[in-house]
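Subject: Structure handover

Hello,

Here is the structure you are taking over. Please open it and keep it beside this email as you read.

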Amino acid sequence: MSDRETLNIESMDDILTRNEIAINKIRDRLATDPNNEGRQLRVCTQTYGCQMNEHDSEKLTAMLAEMGYIPTAQYDDADLIIFNTCCVRENAELRVFGNLGHIKKIKEKKPDLILAVCGCMMQQPHIVDAIKRQYRHVDLVFGTHNLHNFPELLLSFMDTHKQVVEIWQSEGDIIEGLPADRKFDVKAFVNIMYGCNNFCAYCIVPYTRGRERSRKPEDVLAEIKMLADNGVKEIMLLGQNVNSYGKTFETPYDFADLLRDVNAISGIERIRFMTSHPKDISDKLLETIASCEHVCESLHLPVQAGSNRVLTAMNRHYTREQYLEIIRKARVLMPNIGVTTDIIVGFPGETYEEFLETLDLVKTVGYDSAFTFIYSKRTGTPAADIEDLTTDEEKHRRFDMLLNTVQDIVKEKMKTYANQTVTVLVENFSKHSEALLMGRTPQGITVTFEGDASHIGKLVDIKITKPKHFSLYGEIVAEH
Ligand code: 5AD
Ligand code: SF4
């Protein structure tokens, strides 16, 4: 086994050069390997978790495209399978282990199949130990901090045919200039920062994604200009807590400044961002969202809980009253702003009365949608040591109550759109029917409607003829 646990401080140029060399070697090797009989090799990437992971998978796909791999959705016709994992909740981890077992059977029939696992789960030593001991059929293991090294690691496996494990325990410098050969869709993700310093008591992310570090504004803006030049119309700025962007810069430049500069890039019609932490939302930021033409009036603002005692125990650094005040201010500036959130039920020690405070807050805010979760114990986080006497059955009961409440609110909101006209950026054909297109309102609501490929990438006005439970249906009445 080659078990490399090094963290060499190298210049960015060295890293890029070594990467490029590895990519070229793999491309040449695959192209001349008689076993491949001139056929294109295929990679199946399965991504778990958040947009950050989705974007990391896009970066892997870009590197693999340079090596000559094309994507496939099927395990069965893949030459390489990658699991990009998430460890925010236990059930996502269990699914990964279940799937690794499944791939073992496929590999028995197809021994040349390469299996790689990466992402947040791999930043936890007990997981990597389990893979080394019990999942010997995994060929390549790497973490979130050394994703850029993937070509070298893959080459190392191709050379040795021995399990390669390389995890960096600390984050290192931000690597700029990795292959960016993306398939340019209407929308693109752009990282603006990595890591998180907040240490919410339940959350494993600060331990797996490392300390907060912001990309330089000039790097972010150059990437977005490149995307705009390639026809991208909508940008999703990504970070665990975008509101603390730039805190470590010597020259003051914050997230609101970045939004203003992105707003000025010609060709970008829509700018979204996630995730915001309520403790860091400034008036300047709300005013910037309101005043920048291309910044969508939409705020994903995780509240997590409605009780002040639980919020303190979660280490969230705001009160229910402060949270509601942000929403009030945002709605004064932008009456139509879409507000979405994340909520956890069953945090250790949460009483039924405290849970009812969450339900009450959900009704008070009237969210446009909410991601709801049952608390999942994560070893190593402070909450894992809090006594938890609530039964699973009770947690599920609370979860169902919360979900029903959210769904009732969303259904009522959808009805108010009947006969209204909304502006939608046309993203693609609908997943459900090639005869329909889909796009989103500035608030983030999905709209389906009839149209053809020529509309994709354009802004159109849609008259809503049929509100559905969680989305809208309508017809094009004008093109911009
Ligand atoms: N259990 C349940 N939900 C969690 N989240 C983060 N950690 C946990 C956990 N241990 C949720 C939070 C966060 C979202 C991305 O995942 O709501 O905002
Ligand atoms: Fe986790 Fe809290 Fe950081 Fe979000 S802000 S990633 S919930 S620690």
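Below are the notes on what was found in it.

This is a predicted model, in which local features need pLDDT of at least 70, side-chain atom pairs count only at pLDDT 80 or more, and totals for chains, interfaces and linings use all residues. Residues are numbered from 1 along each chain as its sequence is written, chains are lettered from A and ligands numbered from 1 in the order in which they are written, and side-chain values use heavy atoms, with hydrogens and water left out.

**Ligand 2**

Start with ligand 2. Its surroundings are C196, N198, F199, C200, Y202, C203, V205, P206, Q240, H277 and R316. A residue is near a molecule if one of its heavy atoms lies within 4 Å of it. This shell has seven nonpolar, three polar and one charged residue. Ala, Val, Leu, Ile, Met, Phe, Trp, Tyr, Cys and Pro count as nonpolar; Asp, Glu, Lys and Arg as charged; the others, Gly among them, as polar. C203 from this shell is buried, at 16% relative accessible area. (Buried means under 20%, exposed over 50%, partly exposed in between, with a 1.4 Å probe and protein chains only.)

**Aromatic rings**

There are twelve aromatic pairs. Rings of Phe, Tyr and Trp (its six-membered ring) pair if their centres lie within 6.5 Å; planes under 30 degrees apart are stacked, over 60 edge-to-face, the rest tilted. One pair is Y202 with F347: edge-to-face, 6.4 Å centre to centre, 85° between the planes. Helices (H or I, at least four residues) and strands (E, at least two) are DSSP runs, numbered from the N terminus. Y202 is buried at 10%. F347 is buried at 1%.

Y245 and F249 also pair edge-to-face, at 5.4 Å and 90°. Y245 is buried, at 1%. Y48, Y75 and F83 form one aromatic cluster.

**Cysteines**

C118 is buried, at 0%.

**R398**

R398 is in helix 13 (residues 392-415). R398 is buried, at 4%. Its side chain reaches the backbone oxygen of E350 at 2.9 Å.

Best wishes

Methods
A polar contact is a pair of N or O atoms within 3.5 Å; within protein, one must be able to donate a hydrogen and the other to accept it, and residues adjacent in sequence count only if both atoms are side-chain atoms.
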